[in-house]
Amino acid sequence: LERGLLTAETRGSREAVEALLDPQFAEIGASGRLWTRAEMVEAIVAVPETTVGAGFDGTVLGPDLVLLRYETVQARRTSLWRRTDGVWRVLRHQGTPYEEMSHPPE
């Protein structure tokens with residue numbers, strides 16, 4: 001689902017983006033800005049570019065929670081996915097730009 005959220009096809013569809021973001025979604029962006037669900041939906045749909053993610057690694061935190069970690073060209077990212085009524089949606093997301101890290105990947 002996270003990989004799908006990174007595609008231009010999904011990002012260009014308000015309905016698809018809204019279906020993947022939990023009603024309580026919030027994001028701390030790579031800039032440090034706190035984004036609400038409504039703000040993030042608008043931003044994603046306005047610029048539906050494909051983002052390439054790599055190094056996906058997940059940790060099951062509970063029966064209905066998974067913490068996903070991956071990297072893009074710009075940042076290291078984490079997403080907290082929650083399953084509600086059998087549907088997985090991203091609840092929280094955070095990006096940390098490499099220039100903020102003391103040791104970016106080589």
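Does Arg 69 count as buried, partly exposed or exposed, and at what relative accessibility? Arg 69 counts as partly exposed because its relative accessibility is 33%, where buried means under 20% relative accessible area, exposed over 50%, and partly exposed in between (1.4 Å probe, protein chains only).

This is a predicted model, in which local features need pLDDT of at least 70 and side-chain atom pairs count only at pLDDT 80 or more, while totals for chains, interfaces and linings use all residues. Residues are numbered from 1 along each chain as its sequence is written, and side-chain values use heavy atoms, with hydrogens and water left out.

Arg 69 is found in strand 4 (residues 65–71); helices (H or I, at least four residues) and strands (E, at least two) are DSSP runs numbered from the N terminus. A polar atom of the Arg 69 side chain lies 3.3 Å from the backbone oxygen of Gly 55.

The table gives contacts (heavy atoms within 4.5 Å), leaving aside residues within four places in sequence.

| Residue | Relative accessibility | Contacts |
|---|---|---|
| Arg 69 | 33% | Gly 55, Phe 56, Asp 57, Arg 77, Thr 78 |

**The largest pocket**

The largest pocket has a volume of about 560 Å³. A pocket is an open set of points on a 1 Å grid over the protein atoms alone, where a 1.4 Å probe fits, with protein on both sides within 12 Å along at least five of seven lines; lining residues have an atom within 4 Å of a point. The volume is the space filled by probe spheres set on the points. Of the 25 lining residues, Arg 11, Glu 27, Met 40, Ile 44 and Arg 77 lie nearest the centre of the pocket. Elements giving two or more residues to this lining include helix 4 (37–46) and strand 5 (75–84).

**The largest nonpolar core**

A nonpolar core is a set of buried Ala, Val, Leu, Ile, Met, Phe, Trp, Tyr and Cys residues joined through side-chain atoms within 4.5 Å. The largest one has 14 residues, and Leu 5, Met 40 and Trp 81 are among those that touch the most other members. Helix 4 gives the most to this core, with three residues.

How values were computed: A polar contact is a pair of N or O atoms within 3.5 Å; within protein, one must be able to donate a hydrogen and the other to accept it, and residues adjacent in sequence count only if both atoms are side-chain atoms.
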